[in-house]
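This briefing concerns the pairing of charged side chains. Please consult the sequence and the model shown here alongside the notes that follow.

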Amino acid sequence: MYARAGRRGTSEVGSLCTRVGNDMHPSTDPIDPQNQEVYALWDRLAEFSVGDSDAALTHLLASLGTMLSARNVLWGVLVRLPSPKRADPLLGWRPRLVRVLDPIPAVAASVQKQYDKLWSDNVDLSQILSMSGDEPFRVRLLFETLPPEWFEGEHYRRHYLDVGFADSISVRIALNDDLRIRLFVFRDAQAPRFTAQDGQRLGFVMRALRWFHRQQLLSHGLLIANAALTPAERRVLLALLDGRTEKEIAQTLGQSPNTTHFHVKSIYAKFGVRNRAALTALWLGKLR
């Protein structure tokens, strides 16, 4: 079983945090090396074009993994069902998109099983707690969230220990009343347990990235589209936002111009716009 270290005292929480009254706050010292790493990440994410949203997400997950000495990182999108079942333990929240930094077979299988379980009536306590509460932003350490007996149970064994994980930090970001981002950073049993300092640092990084997550969801047709985009439409959408003509898109994707035009028309209809300029304006925050 994974060893449980005691909580670190406030004197051990390093330069990332400063004490103000009785609360801990991230340091904003611009010359702090840790902050320099965070600022560099924010700047790099801002440099990715909209058409490279998948690469941008991979960069974020890889950077967090390095920054926190993690084994793996998972990013997901939750949507609230319009008419949840009465007494639904998940309060209507269900997964819509999931991305894993290193989707090795054991991890991919575990993620799929958990994804399927969230649509069943047999959900785990950790899943119920992760959906609870209405805070717009929340960071949780696994060992501070769940009771000791949970770590002796099947879910922890199957979805942590059996796939090489032992600990995690989770972040929840509400983009609106019906869409949330969930991010999990995992460590293995050979690494030290996540500390309050790690949670503060991850929260500091993620607090400033609501714009980034909105851009990710826009690329999938979520947030403002009337219907989710198909994979083919999403490829066309990203090319449109990169400034390519329909002819260039057709050549790049190996499809006929008529097929490309059909996808473009469908994209415009789903976003409720009439042309590329109006579509692009959505990403610039000029509409809705």
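A salt bridge is a side-chain nitrogen of Lys or Arg within 4 Å of a carboxyl oxygen of Asp or Glu. The model is predicted, so local features need pLDDT of at least 70 and side-chain atom pairs count only at pLDDT 80 or more, whereas totals for chains, interfaces and linings use all residues. Residues are numbered from 1 along each chain as its sequence is written, and side-chain values use heavy atoms, with hydrogens and water left out.

**Salt bridges across the structure**
- The whole structure contains 13 salt bridges.
- One network, joined by salt bridges that share partners, comprises Glu135, Arg138 and Arg172.

**Asp134 and Arg180**
- A salt bridge connects the side chains of Asp134 and Arg180, at 3.8 Å from N to O.
- Asp134 lies in the loop between α4 (125-131) and β5 (137-141) and Arg180 in strand β7 (residues 179-187), so this pair ties together parts 46 residues apart in sequence; helices (H or I, at least four residues) and strands (E, at least two) are DSSP runs, numbered from the N terminus.
- Asp134 is exposed at 68% relative accessibility, while Arg180 is buried at 3%; buried means under 20% relative accessible area, exposed over 50%, and partly exposed in between (1.4 Å probe, protein chains only).

**Glu37 and Arg201**
- Glu37 and Arg201 form a salt bridge through their side chains, at 2.5 Å from N to O.
- This pair links distant parts of the chain, 164 residues apart: Glu37 is in helix α1 (residues 33-47) and Arg201 in helix α7 (residues 196-207).
- Glu37 is partly exposed, at 34% relative accessible area, whereas Arg201 is buried, at 7% relative accessibility.
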